[in-house]
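Here are my notes on the model you sent. Please read them with the structure open.

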Amino acid sequence: MALYTPLTTRHATAGARKQAWVTKPMLLTLGLLVSFPFWAESVGLYQYLGIEVVIWMLYALGYNLLLGYTGLPAFGQGAFFGIGAYAYGLCYLNLSQNPLVALACAGLVGGFGAALVGCLVAHRRGIYFALMTIACGQVFWFVSMKSHSVTGGEDGLLNIRRASLSLGPLELSLKDNVTLFYFVVAVLAVCIVFLWRLVHSPFGKALQAIRMNETRARFVGYNVWLTKWAIVTLSGVFAGISGGLLAISQESAYPDVMNVHSSGFIVMAVLIGGGMVSFWGPVIGAVVFIVARDLLGALTETWLLWYGLLFMCVVLFQPEGIAGAWQHYRAKLGRRMRAGTPPKLAPEAENGPV
Amino acid sequence: MALFEAKNLSKRFGDRVVLEDISLKFEQGQLSGIMGPNGAGKSTCFNVLTGHFPPDRGTVLLEGEDITGLSPRKIAQKGVARSFQIMSLFDEFTALENVLFALPEVRNVGFNMFRDVAGDTATVDKALKIVEQVGLAASADVRSSSLPYGQRRALEIAVALAAQPRVLFLDEPTQGMGADGRGRLLELILGLKRQFTIVMIEHDMDFLFSLADEVSVIHWGQVIAQGTPDELRADPWVSRANLGTKRNA
């Protein structure tokens with residue numbers, strides 16, 4: 001479960017071994033999610049919480065394309081999350097009440113917003129990239145607060161009812177939390193397969209190469225600017241879709257999720273989960289974040305203080321996050337299993353065979 | 001007509017003139033060397049030729065086509081590849097992946113989000129051949145950050161080779177290597193000679209002279225001498241500039 005499955009000479013000698021479309025961790029994750037409504041209440045959770053967890057999983061997976069894969073620290077991702085929610089609401093109120101149409105609209109508008117921002121930030125990296133994304137995020141937040149006639153200002157858009165989803169002869173009402181939960185899981189499943197393919201494609205390789213060495217990627221002949229712009233845009237599409245789902249589940253869209261404070265949450269969630277070292281890090285991070293918000297939030301109003309302390313501990317003692325800890329544990333276990341056989345001697349001396 | 005030609009290049013950084021009216025010609029199939037003392041402008045010259053920065057004046061021609069001021073990406077796509085003096089690999093990729101990623105076949109489907117990198121056996125085979133060509137077959141699956149220094153140097157060249165370049169620029173390939181590693185590197189570059197047009201910056205005079213067909217000596221941003229290794233060995237200016245018999249201790 002690394003950030004991607006490395007390509008080895010086995011691929012050359014054992015014929016084409018394509019990366020599977022569906023993998024075991026994928027089935028495990030989706031299986032756990034599908035069974036969630038049956039055990040949620042017996043462990044003291046409730047159905048609605050599951051919806052938010054899954055929405056955040058999607059949001060975090062999309063965000064990790066930037067942070068984990070391309071190494072771009074974006075601090076304004078909340079803007080596209082919020083834009084998605086507004087786009088869903090406006091589409092629902094003015095154009096179409098079909099959730100799929102409105103959701104597509106949310107993804108498109110989120111992606112469009114990100115594409116604009118991408119034009120401004122794609123030639124930057126590191127701290128300048130981070131600062132530019134904060135600034136752009138704040139612009140969107142401010143606009144959403146001030147344009148009352150479109151977004152409803154600080155109150156946001158209300159009256160976004162959970163419409164029913166018609167799939168041919170089948171009509172599903174999304175009013176019920178469990179039905180909505182399965183709808184959100186279905187969207188997540190499609191997105192996970194897409195993202196898994198993406199990170200193993202040549203494009204996914206280019207993203208990682210840019211993270212490791214932008215200059216070399218340029219000298220090998222890659223269009224670094226366009227690649228970065230494309231991934232900022234794509235990640236905005238996923239933020240937009242998850243924002244649209246949030247609008248369905250909360251039956252409203254409001255500017256809170258767009259401010260810099262909320263944009264920071266996604267960064268913290270992805271880092272705690274281990275997005276830097278694993279495809280699944282953001283998924284773990286989303287669970288930890290939402291559940292911590294709920295459980296700690298029920299105990300104390302200052303839950304963010306405790307979550308912040310948790311974040312600091314992770315950065316200090318386990319910078320690769322929960323997924324990283326798991327990988328270390330597995331590696332250690334593997335070494336113990338092989339303990340019977342003597343360790344292979346490294347054949348490499350300094351200036352080994354050239 | 002020379003394959004690669006630079007005419008009257010000048011480059012300054014602030015008020016420091018780094019290149020002053022430099023003209024160079026690299027012939028097809030030859031191994032040309034550029035040498036000179038520290039700070040003579042060799043690396044800047046390389047950076048201008050491969051598009052890292054545009055020159056202030058002058059033109060760069062590839063087979064007669066003006067490529068002055070094009071971006072590194074465009075120049076790379078036209079078939080000019082380079083290695084770096086300071087190691088510049090994709091550290092978390094394996095040796096094989098480093099080379100694979102640099103292949104034009106992979107680059108040209110760069111925006112294809114669905115094709116599988118691992119799926120195309122012919123491409124992977126090709127990458128593997130290049131890895132073998134530089135003697136890294138046994139380490140193909142090792143992350144490049146875990147390779148020993150000499151092997152990383154060789155991989156650096158392999159990444160440049162992957163582009164099947166018309167001109168291959170090598171920036172101080174022996175940098176930081178011991179005598180043993182140099183020997184192996186010498187054999188590697190000898191193996192590439194005549195297959196590629198190579199331009200090499202090198203500090204180590206013996207190393208360069210045993211490989212190059214023709215050498216240009218740069219000092220104070222100008223070409224002070226040009227010729228075959230034998231001619232240059234006899235040139236008093238060259239020994240003075242490089243070995244520092246009088247002024248540069």
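1. α3(A) passes α8(A) in a left-handed crossing (left-handed: the near helix is turned anticlockwise from the far one by less than a right angle; right-handed: clockwise). This is a predicted model, in which local features need pLDDT of at least 70, side-chain atom pairs count only at pLDDT 80 or more, and totals for chains, interfaces and linings use all residues. Residues are numbered from 1 along each chain as its sequence is written, with chains lettered from A and ligands numbered from 1 in the order in which they are written.

2. The contact includes A:Ile51, A:Val54 and A:Leu58 of α3(A) and A:Phe181, A:Val184 and A:Leu188 of α8(A). Residues are in contact if their C-beta atoms, placed from the backbone, lie within 7 Å. By class, the contact has 19 nonpolar, 3 polar and no charged residues. Ala, Val, Leu, Ile, Met, Phe, Trp, Tyr, Cys and Pro count as nonpolar, Asp, Glu, Lys and Arg as charged, and the others, Gly among them, as polar.

3. Now the other pair. The crossing of α4(A) and α6(A) is left-handed too. In α4(A), A:Gly78, A:Ala79, A:Gly82, A:Ile83 and A:Tyr86 meet A:Cys136, A:Gly137, A:Phe140, A:Trp141 and A:Ser144 in α6(A). This contact divides into 6 nonpolar, 4 polar and no charged residues.

4. On confidence, the model scores ipTM 0.80 and pTM 0.85. Chain B has a mean pLDDT of 85, and 92% of its residues reach 70 or more (pLDDT: the predictor's confidence in each residue, from 0 to 100). Over residues 244-249 of chain B the pLDDT is below 50. Beyond near neighbours in sequence, that stretch has 5 contacts in the model.

Notes. Contact = placed C-beta atoms within 7 Å. Helix = DSSP H or I, 4+ residues; strand = E, 2+ residues; numbered from the N terminus.
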